[in-house]
Amino acid sequence: MADDKDSAEAIVSDVHKKISEAFDVFDHGFNKTVDVREIGTIIRSLGCFPTEGELHDVIAEIEEEEPTGYVRFEKFLPTMTKVLMERRFRPIPEDLLLQAFEVLDQQKNGYLEPEKLTKYMTQEGEPFTQEEMDEMLSAARDPDKDVVFYKDFVSMMTVDDNR
């Protein structure tokens with residue numbers, strides 16, 4: 001049975017790595033804390049899409065007893081590991097996300113201009129705030145070409161479910 005234990009540990013280790021990488025993007029002070037307002041963005045970047053109510057519950061669980069406006073990585077990690085392992089907040093399958101981007105990419109370029117993406121994301125559905133867009137673009141935009149290669153972005157955003 002060693003194989004089962006090893007593969008479970010490998011999965012947890014992979015999940016921890018993904019969570020750590022997502023957290024580090026927003027850990028601007030490199031001190032293993034992030035602004036509590038970034039938590040929703042981090043959770044969404046891990047392919048989880050909680051409602052506002054679910055997000056508040058998660059924040060209540062991981063915030064300090066005395067709210068400081070910051071969340072520590074060591075409180076975030078176990079909670080987020082559980083969320084990902086239980087596949088809570090319905091991760092959207094990678095192919096559906098890709099289809100959504102492809103609909104916007106009518107020229108079939110394989111990329112979107114940040115302005116066009118911002119227009120869709122701030123005006124349709126549950127609109128993103130400008131701040132959320134800036135954060136997303138900082139992670140998604142190709143620095144050389146100044147476009148979003150969405151296939152790369154989608155694979156970065158989704159948790160591999162082929163286990």
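**View 1. Helix 6 and helix 7 pack against each other in this predicted model.** The axes of helix 6 (residues 114-123) and helix 7 (residues 130-140) come within 10 Å and cross at roughly 140°. Axes here are lines fitted to C-alpha atoms, for helices over the stretch in contact, and angles run from 0 to 180 degrees between N-to-C directions. Helices (H or I, at least four residues) are DSSP runs, numbered from the N terminus. Helix 6 and helix 7 are therefore oblique to each other. Oblique is what remains once angles under 35 degrees are called roughly parallel, over 145 roughly antiparallel and 65 to 115 roughly perpendicular. The crossing of helix 6 with helix 7 is right-handed. A crossing gets that name if the near helix is turned clockwise from the far one by less than a right angle, and is left-handed if anticlockwise.

The model is a predicted one, in which local features need pLDDT of at least 70 and side-chain atom pairs count only at pLDDT 80 or more, while totals for chains, interfaces and linings use all residues. Residues are numbered from 1 along each chain as its sequence is written, and side-chain values use heavy atoms, with hydrogens and water left out.

**View 2. Side chains meet where helix 6 touches helix 7.** From helix 6, Pro114, Leu117, Thr118, Met121 and Thr122 take part. Their partners in helix 7 are Gln130, Met133, Met136 and Leu137. Contact means heavy atoms within 4.5 Å. The residues of this contact divide into 6 nonpolar, 3 polar and no charged. For that count, Ala, Val, Leu, Ile, Met, Phe, Trp, Tyr, Cys and Pro are nonpolar, Asp, Glu, Lys and Arg are charged, and the others, Gly among them, are polar.

**View 3. Helix 3 packs against helix 4.** Helix 3 (residues 52-62) and helix 4 pack at an angle of about 135°, and their axes are 9 Å apart. That makes helix 3 oblique to helix 4. The crossing of helix 3 and helix 4 is right-handed. Val58, Glu61 and Ile62 in helix 3 meet Lys75, Phe76 and Thr79 in helix 4. Sorted by type, the residues of the contact of helix 3 with helix 4 are 3 nonpolar, 1 polar and 2 charged.

**View 4. Arg72 joins a network of salt bridges.** Side chains of opposite charge can pair when their charged atoms come close. A salt bridge is a side-chain nitrogen of Lys or Arg within 4 Å of a carboxyl oxygen of Asp or Glu. By this rule the count comes to 9 salt bridges. Arg72 forms a salt bridge with Glu64, with the closest N and O atoms 2.7 Å apart. Arg72 also forms a salt bridge with Glu74, where the closest N and O atoms are 2.7 Å apart. Arg72 is partly exposed, with a relative accessible area of 29%. Buried means under 20% relative accessible area, exposed over 50%, and partly exposed in between (1.4 Å probe, protein chains only).

**View 5. Arg141 forms a salt bridge with Asp146.** The closest N and O atoms of Arg141 and Asp146 are 2.9 Å apart. Arg141 counts as partly exposed at 34% relative accessibility. Asp146 counts as partly exposed at 38%.

**View 6. Arg87 and Lys108 have positive phi values.** Most residues other than glycine have a negative phi. Phi of Arg87 is near 50°, and phi of Lys108 is near 55°. Arg87 lies in the loop between helix 4 (73-85) and helix 5 (94-104). Lys108 is found in the loop between helix 5 and helix 6. Arg87 is partly exposed, with a relative accessible area of 41%, whereas Lys108 counts as exposed at 63%.

**View 7. Lys151 sits in helix 8 (residues 150-157).** Not counting residues up to four places away in sequence, Lys151 touches Leu98 and Glu102. Its relative accessible area is 46%, so Lys151 is partly exposed. The C-alpha atoms of Lys151 and Ile62 are separated by 32 Å, and these residues are 89 residues apart along the chain.

**View 8. Lys18 belongs to helix 1 (residues 2-26).** Lys18 is partly exposed, with a relative accessible area of 24%. Lys18 and Ser45 are 27 residues apart along the chain, and their C-alpha atoms are separated by 9.8 Å.

Key:
Helices (H or I, at least four residues) and strands (E, at least two) are DSSP runs, numbered from the N terminus.
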